[in-house]
Amino acid sequence: MFTGRRWFFPSALLHELDPDAARSGRRPRRTARDWVVDFSCFLLAVVVGATAMEALADNPHVPQGLAVVDQVAGALACAAVWLRRRWPLGLAVAMTPVTFVSDTAGGAGLIALFTLAVHRPFRYVAWVGGINTAFVPLYYWLRPEPDIPYPVAVLFAGLLTVAIVGWGMFVRAKRQLMVSLRDRARRAETEARLRAEQAQRLAREDIAREMHDVLAHRLTLLSVHAGALEFRPDAPPAQTARAAGVIRESAHEALQDLREIIGVLRAGESDDTGRPQPTLAALDTLVTESREAGMKVSLDQRVEDSADVPSSVGRTAYRIVQEGLTNARKHAPGTEVTVTVTGAPGTGLTVGVHNPPPEGEVPPVPGSGQGLIGLTERATLAGGRLQHGHTPQGGFEVRAWLPWG
């Protein structure tokens with residue numbers, strides 16, 4: 001933010017805007033601007049002190065010894081101005097009694113009060129500034145100005161103190177505003193980055209669900225028909241040709257699905273020109289494919305008009321049935337799978353996939369359970385719910401309810 005222009009800003013402001021410097025605890029180093037401002041403040045204190053010294057020499061009410069003490073105190077106060085950045089509160093407190101007894105330290109006292117207002121909260125400024133203002137009437141009563149009436153001198157000194165404090169508080173408010181704006185910008189950047197990461201994570205999860213639901217079904221069909229060809233080399237030519245055709249068609253469909261998903265990943269958005277997404281009307285085709293693969297599937301669809309089902313609900317129902325058939329094919333081969341789809345507008349759509357326990361022992365399949373997790377997420381995103389688990393008879397059932405308003 002300040003690259004190439006750091007010399008133009010106060011070191012205290014740069015220190016607050018730099019989180020690394022604030023955590024390290026090291027003191028800020030003076031910038032070129034700080035050196036110019038500090039030298040100007042020192043020069044101003046010297047000029048005010050010199051002016052007061054001339055007035056002090058012309059004042060007949062001040063003894064010579066007191067004038068010497070006044071000048072020494074003023075010289076030390078001017079030198080102490082260089083410490084105002086390091087100890088603003090201590091310097092302002094020390095200047096309170098010094099300016100009460102020394103005319104030549106008045107400029108240094110005002111600079112110390114201004115520095116306190118810039119670098120410390122208002123409660124410190126109120127105490128120190130209030131004490132200085134309270135001493136003003138007593139100061140001019142003990143050391144009256146020969147050419148200025150007492151009320152005018154008191155009023156002028158009080159107004160000067162208030163102006164110095166107000167100026168310092170204004171500078172402090174500007175610096176705090178810059179710090180708050182920088183903090184807001186950092187929080188906005190962090191929130192934007194988190195939102196982008198969350199969007200990417202949700203997109204990856206959605207693509208992962210889609211790849212699992214689509215490719216798992218296709219690859220399972222390939223595996224079943226390839227296994228049939230492997231274990232039945234003496235099958236009739238017609239059956240072999242039909243199995244090879246299903247393998248070729250499933251491989252082509254899987255390749256098309258994979259290309260579409262990769263296209264979405266490259267483009268960053270879905271391609272509306274691709275193949276239409278499956279709906280509830282495609283269940284008959286899905287069941288037919290499974291039957292051609294050798295599965296025993298019975299479909300009980302009691303929906304008045306599947307075309308009236310919203311596309312998102314129908315697509316979710318299709319994926320649930322697809323995943324249920326895929327799991328039954330892997331974990332309970334040879335069993336008869338029952339698919340039930342019922343519902344009407346206003347009551348919702350109920351989807352169930354049930355299979356009895358397999359005959360004999362089935363070897364475990366690696367990576368099991370991921371599809372059911374994806375189905376649960378799909379149903380939840382659609383505003384419905386999904387349950388799955390073993391039945392009392394030892395089979396397995398997946399049951400979901402989806403809203404159909």
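Visitor: What makes Arg 399 and Glu 397 a salt bridge?

Guide: The closest N and O atoms of Arg 399 and Glu 397 are 3.0 Å apart, and a salt bridge is defined as a side-chain nitrogen of Lys or Arg within 4 Å of a carboxyl oxygen of Asp or Glu, so the pair qualifies. This is a predicted model, in which local features need pLDDT of at least 70 and side-chain atom pairs count only at pLDDT 80 or more, while totals for chains, interfaces and linings use all residues. Residues are numbered from 1 along each chain as its sequence is written, and side-chain values use heavy atoms, with hydrogens and water left out.

Visitor: Why is Arg 399 called partly exposed?

Guide: Buried means under 20% relative accessible area and exposed over 50%, with partly exposed in between (1.4 Å probe, protein chains only); Arg 399 has a relative accessible area of 36% and is therefore partly exposed. Glu 397, at 24% relative accessibility, also counts as partly exposed.

Visitor: How many salt bridges does the structure hold, and which residues are linked in a network of them?

Guide: There are 4 salt bridges in the structure, and Asp 38, Arg 84 and Arg 85 are linked in a network. Asp 38 pairs with Arg 84, their closest N and O atoms being 2.9 Å apart. Because Asp 38 lies in helix H3 (residues 32-57) and Arg 84 in the loop between helix H4 (64-80) and helix H5 (88-101), this pair ties together parts that are 46 residues apart in sequence. Arg 85 forms a salt bridge with Asp 38 as well, again with the closest N and O atoms 2.9 Å apart; since Arg 85 lies in the loop between H4 and H5 and Asp 38 in helix H3, the parts tied together here are 47 residues apart in sequence.

Visitor: Why do Asp 38, Arg 84 and Arg 85 count as buried?

Guide: Asp 38 has 1% relative accessibility and so counts as buried, Arg 84 counts as buried at 4%, and Arg 85 does so at 18%.

Visitor: How do you know that the span of helix H6 agrees with its number of residues?

Guide: Helices (H or I, at least four residues) are DSSP runs, numbered from the N terminus, and the expected span is 1.5 Å times one less than the number of residues. For the 14 residues of H6 (residues 106-119) the span should be 20 Å, and the end C-alpha atoms are 20 Å apart, which agrees.

Visitor: Why is H11 described as largely enclosed by the rest of the structure?

Guide: Of the 21 residues of H11, 16 are buried, so the helix is largely enclosed.

Key. Helix = DSSP H or I, 4+ residues; strand = E, 2+ residues; numbered from the N terminus.
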